[in-house]
Amino acid sequence: MKRAILHLDLDTFFVSVERLKNPGLIDKPVIVGGGERGVVASCSYEARRSGVHAGMPTKQAERLSPDAIWIRGDMASYKYYSDLITSILADNTPNYEKASIDEFYVDLSGLDTFYNAFEYAKKLRKEIIRQTGLPISMALSTNKTVSKIATGLAKPNGELCIEAGKEKEFLAPLPISKIPMAGEKTAEILTSRGINTIGDLASIPIEMLINLLGKQGGVLWEKANGICYSEVVRIQDSKSISQETTFDVDISDIEHLNAVLSGMCERLTYKLRSQQKSTTCIAVKIRYPDFKTINRQAHIPATVNDLLITQTVTKLFSELFKLDMKLRLIGVRLSGLKSTTIQTNLFIDQDKDNKLNQTVDQIRNKYGWKKIKKANSFINYK
């Protein structure tokens with residue numbers, strides 16, 4: 001059976017979500033990320049024209065694109081749209097893999113027996129755009145590697161199909177940097193020997209590449225020749241979720257620290273409810289300026305309740321934190337996740353609390369995370 005592997009990649013995902021919430025950002029240089037010690041998480045094509053790219057230090061990006069609009073980011077909103085696309089794929093495809101928050105693979109092998117696989121892929125892409133309003137690029141080929149490379153060429157907001165038997169022809173003229181796994185150091189080694197294109201790489205005996213690069217040389221040779229046996233594997237749900245932030249300046253302000261922790265709890269409980277999960281273990285992490293890191297955790301009855309989780313986090317933090325010490329980083333992790341169960345607590349109006357959470361979640365899903373928050377929480381962090 002001929003394989004048909006679809007790769008889907010959301011274009012400038014974080015920026016695109018921000019533009020949904022604020023259309024005034026369209027056609028302007030936008031960078032998501034920031035902070036004195038931060039990096040670029042995502043940037044628009046307008047910002048990329050100035051040389052900015054994901055992973056670049058904040059200060060360097062500011063120099064290259066001084067007119068860019070900076071946004072600290074809203075992970076709850078990004079996760080909402082990522083989960084929405086995941087649900088669309090789950091409802092409309094036989095097997096999919098969520099490779100990252102903005103990248104997916106779908107196995108459409110065998111579909112050609114009943115329907116043209118590329119035509120189906122195009123309809124699927126249109127449905128994702130219709131339901132989310134987000135730009136998304138895609139490519140279809142016989143394997144993951146070729147599809148991923150082709151999606152990069154289809155951007156922005158485009159689609160490509162590499163027919164079976166045409167893989168090497170498609171790859172040959174491309175620079176070796178387009179191959180997944182071909183990092184900067186590997187590219188330097190290869191280009192110093194006159195190997196500049198994927199076609200150059202494909203023509204070299206595999207034994208020579210293994211001698212030059214070790215085991216990785218053999219893998220690169222296969223990819224250059226359009227060979228990839230990797231399967232589309234559906235990843236199981238994670239066993240924990242976490243949130244942490246590194247401060248721009250080391251701080252010891254207890255009120256500010258507790259406000260940040262409260263904001264983290266809001267985000268994490270929102271994630272729990274969206275995943276229909278509850279937590280049975282809560283952990284708090286702190287890191288000092290000398291990078292010494294301390295953790296403390298507590299086991300609790302299964303819950304999704306903001307108040308109970310925040311109270312537990314505050315207690316754990318109070319046991320860890322010394323008032324005369326500044327902190328570089330704080331974090332919260334919820335683990336022991338289970339299918340949602342609501343525990344009874346005589347001191348909490350559970351029904352009222354659940355209805356409040358549902359209303360707040362609906363507002364955030366529709367208008368973005370920052371539209372509503374607790375008065376005592378600080379959620380504008382990385």
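**A first look at the chain and its cores**

Hi everyone. Among contacts in this chain (heavy atoms within 4.5 Å) between residues at least 6 apart in sequence, 66% join residues at least 24 apart. What you see is a predicted model, where local features need pLDDT of at least 70, side-chain atom pairs count only at pLDDT 80 or more, and totals for chains, interfaces and linings use all residues. Residues are numbered from 1 along each chain as its sequence is written, and side-chain values use heavy atoms, with hydrogens and water left out.

The chain has 14 helices and 13 strands; these are DSSP runs numbered from the N terminus, H or I of at least four residues for helices and E of at least two for strands. Of its 382 residues, 48% are buried. Buried means under 20% relative accessible area, exposed means over 50%, and partly exposed is in between, using a 1.4 Å probe and protein chains only.

Now to the cores. In soluble globular proteins, nonpolar side chains tend to be buried together. A nonpolar core here is a set of buried Ala, Val, Leu, Ile, Met, Phe, Trp, Tyr and Cys residues joined through side-chain atoms within 4.5 Å. Which members of the largest one touch the most others? They are Leu6, Leu8, Phe13, Leu89 and Ile128, out of 31 residues. Elements giving two or more residues to this core include β1 (5–10), α1 (13–21) and α5 (117–132), while α4 gives the most, with 6. There is also a second, separate core of 28 residues, with Ile241, Met264, Ile309 and Ile330 among them.

Let's stay with phenylalanine 13. Beyond its neighbours within four places in sequence, Phe13 is in contact with residues including Ser42, Tyr78, Tyr81, Ile101 and Leu134.

How do α1 and α4 pack? Their angle is about 100 degrees and their axes are 10 Å apart; the axes are lines fitted to C-alpha atoms over the stretch in contact, with angles from 0 to 180 degrees between N-to-C directions. The two helices are therefore roughly perpendicular, a label covering 65 to 115 degrees. Phe13, Phe14 and Val17 are among the α1 residues that meet α4, whose side includes Met75, Tyr78 and Tyr81.

Last stop: tyrosine 115, in the loop between β6 and α5. Is Tyr115 buried, partly exposed or exposed? Its relative accessibility is 33%, so Tyr115 counts as partly exposed. Leaving aside neighbours within four places in sequence, Tyr115 is in contact with Tyr120 and Lys123.

Definitions and conventions: Parallel < 35°, antiparallel > 145°, perpendicular 65-115°, else oblique.
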